[in-house]
Amino acid sequence: MKYNCLNNLSENNPDKLYLILFYTDWCEPCVETINIINNINYNNLEKYYIDLEELENEDISNHFNINALPSIVFLKRKNIIKIVSGSRTKNTYINIIENN
């Protein structure tokens with residue numbers, strides 16, 4: 001996914017909260033985080049999973065300065081709400097979602 005594609009989505013849906021999870025398949029905390037995120041559902045939440053093993057995803061990871069895995073970027077109206085690096089509990093993610 002290119003950053004400008006995500007930027008366009010954010011423009012078209014300003015009330016949505018975007019959760020962008022950066023991961024790799026070989027990262028155990030990443031797999032755990034994917035399982036947690038898969039079980040969180042809100043109407044105003046749109047989720048994207050960015051596999052950093054794919055070179056086409058390098059520009060978006062560079063844009064957000066991703067240097068740890070897993071990392072989740074929360075975006076709303078083109079603004080970064082929060083970046084969370086490392087594995088966290090489901091309640092941590094839910095608190096961020098519900099407060100934005």
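The model is predicted, so local features are taken only where pLDDT is at least 70 and side-chain atom pairs only at pLDDT 80 or more, while totals for chains, interfaces and linings use all residues. Residues are numbered from 1 along each chain as its sequence is written, and side-chain values use heavy atoms, with hydrogens and water left out.

Most residues other than glycine have a negative phi, and most peptide bonds are trans. Against that background, the bond joining Leu69 and Pro70 is cis, with omega at about -10 degrees. Pro70 sits in the loop between helix H3 (58–63) and strand E3 (71–76); helices (H or I, at least four residues) and strands (E, at least two) are DSSP runs numbered from the N terminus.

Ser71 belongs to strand E3 and is buried, at 1% relative accessible area (buried means under 20%, exposed over 50%, partly exposed in between, with a 1.4 Å probe and protein chains only). A polar atom of the Ser71 side chain lies 2.5 Å from the backbone oxygen of Ala68. Leaving aside residues up to four places away in sequence, Ser71 touches Ile20, Leu21, Phe22, Ile66, Val84 and Ser85, where contact means heavy atoms within 4.5 Å.

Past the strand, the loop between E3 and strand E4 (79–85) holds Arg77, and Lys78 is in the loop between E3 and E4 as well. Neither is a glycine, yet phi is positive, near 50 degrees for Arg77 and about 70 degrees for Lys78. Arg77 is partly exposed, with a relative accessible area of 47%; Lys78 is also partly exposed, at 37%.

Technical notes:
A polar contact is a pair of N or O atoms within 3.5 Å; within protein, one must be able to donate a hydrogen and the other to accept it, and residues adjacent in sequence count only if both atoms are side-chain atoms.
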